[in-house]
Amino acid sequence: MSKIFTYDQVVEKVAEKLGVDDPSKIRLTSHNCYSQQPKPQPIKYRGVERLLDMLIHYNQTSDILYYEVLDIPLPELQALKTLKVTYHHATKDEVSVHSIRLPKNSTVGDVLNDIKTKVELSHTNAELRLLEVFYHKIYKVFAPNEKIENINDQYWTLRAEEVPEEEKNLGPFDRLIHVYHFTKDTQNQTQVQNFGEPFFMVIREDETLSSIKERIQKKLKVPDEDFSKWKFAYISLGRPDYFEDSDTVALKFQRNMYGAWEQYLGLEHPDTAPRKAHTANQNRHSFERPVKIYN
């Protein structure tokens with residue numbers, strides 16, 4: 001191709017070579033000469049004038065251009081927001097990944113309604129929520145009326161799940177706390193490393209660790225032999241303070257919904273998950289569920 005070809009001429013040539021009827025369904029991405037990878041952001045529809053502009057990276061010129069064949073024309077796609085959302089089934093030990101495509105002015109509530117049409121719910125009136133998970137911690141629960149245009153799914157994992165009935169009927173003295181898996185850093189025993197899937201849990205005002213442990217073991221389906229070796233700690237700002245079975249856990253936690261992610265109930269045990277994220281045949285005791293991907 002000539003380096004002075006226009007954007008339209010370039011996509012027409014690519015479409016012709018690929019046998020694609022509509023050139024507007026071709027999306028192009030420039031090459032990063034330093035990483036030898038595609039640039040993170042694709043070229044917008046008619047976003048550059050000429051082929052030469054697509055090939056220049058800082059002061060270097062590449063001869064590589066990447067393409068995708070879309071299922072809808074690029075101008076239409078650009079008017080939509082696409083979010084990758086992982087759905088955690090309430091009762092089954094599985095996770096599915098969904099690509100949700102909605103107009104940019106849509107809300108989180110619209111995303112959740114769309115997911116409901118794609119997944120199996122535990123009951124027809126199930127209420128869903130959307131969480132932001134990063135490095136095995138829950139950082140945010142999105143409000144249903146929040147606009148999706150500025151939500152970033154590149155760095156954070158967006159997780160949808162059913163809101164458990166017990167969380168909808170909190171008593172005046174109940175606490176909703178964060179529960180995370182952790183191990184001690186092998187190099188620095190004062191540092192903790194989180195792993196696995198974080199979750200919320202309701203604890204009662206006078207509930208002892210012994211009672212909470214029973215509920216956690218049932219929820220995570222951990223065999224007695226393994227669970228007997230687990231330790232439980234209140235962790236604030238990365239420092240564990242270990243509980244005894246007779247301790248009243250709620251005394252440590254503030255009474256605020258969803259917030260205070262820097263304090264949590266830590267479950268200390270070995271991380272048995274394979275190093276590679278989401279490998280096909282993980283057992284459930286790695287605390288990463290099997291993943292199915294839907295586009």
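Predicted model: local features only at pLDDT ≥ 70, side-chain atom pairs only at ≥ 80, totals over all residues.
A reminder on helices in general. An α-helix has 3.6 residues a turn, so residues three or four places apart point the same way.

Back to two of the covering strands. E6 and E7 run antiparallel, joined by nine bridges. They make a hairpin, with six residues between them.

Next, strand E12. How many of its twelve residues are buried? Eleven are, so E12 is largely enclosed by the rest of the structure. E12 pairs with strand E11, residues 175-184. The sense is antiparallel, over nine bridges. Within that pairing, Ile177 stands opposite Met201 of E12.

Now look at Val163. Phe200 and Val163 are 37 residues apart along the chain, yet 9.7 Å separates their C-alpha atoms.

Move on past the end of E12. The loop between E12 (192-203) and helix H6 (209-220) holds Glu207. Is Glu207 buried or exposed? The cut-off for buried is under 20% relative accessible area. Glu207 comes in at 9%, so Glu207 counts as buried.

What does Glu207 touch? Its side chain makes a polar contact of 2.7 Å with the side chain of Ser211. Then set aside the neighbours within four places in sequence. Glu207 is in contact with Val202, Ile212 and Arg215, and also with Asp247, Thr248 and Val249.

Last stop, the surface. Leu18, Tyr67 and Val69 make a nonpolar patch there, of about 270 Å². Val69 is in strand E5, residues 65-69. With a relative accessible area of 48%, Val69 is partly exposed. Exposed would need over 50%, which is why Val69 at 48% falls in the partly exposed class.

To recap. E12 is largely enclosed. Glu207, in the loop between E12 and H6, counts as buried. And Leu18, Tyr67 and Val69 form a nonpolar surface patch.

Definitions and conventions: Residues numbered from 1 in each chain as written. Heavy atoms only, no water. Patch = residues over 30% accessible without salt bridge, like charges linked within 9 Å, V, L, I, M, F, W, Y side chains within 5 Å. Areas by Shrake-Rupley, 256 points an atom, 1.4 Å probe, with all protein chains shown as cover. Salt bridge = Lys/Arg side-chain N within 4 Å of Asp/Glu carboxyl O. Helix = DSSP H or I, 4+ residues; strand = E, 2+ residues; numbered from the N terminus. Buried < 20%, exposed > 50% of the residue type's maximum accessible area, 1.4 Å probe, protein only. Polar contact = N/O pair within 3.5 Å; in protein donor to acceptor, adjacent residues only side chain to side chain. Contact = heavy atoms within 4.5 Å. Pairing = 2+ DSSP bridges.
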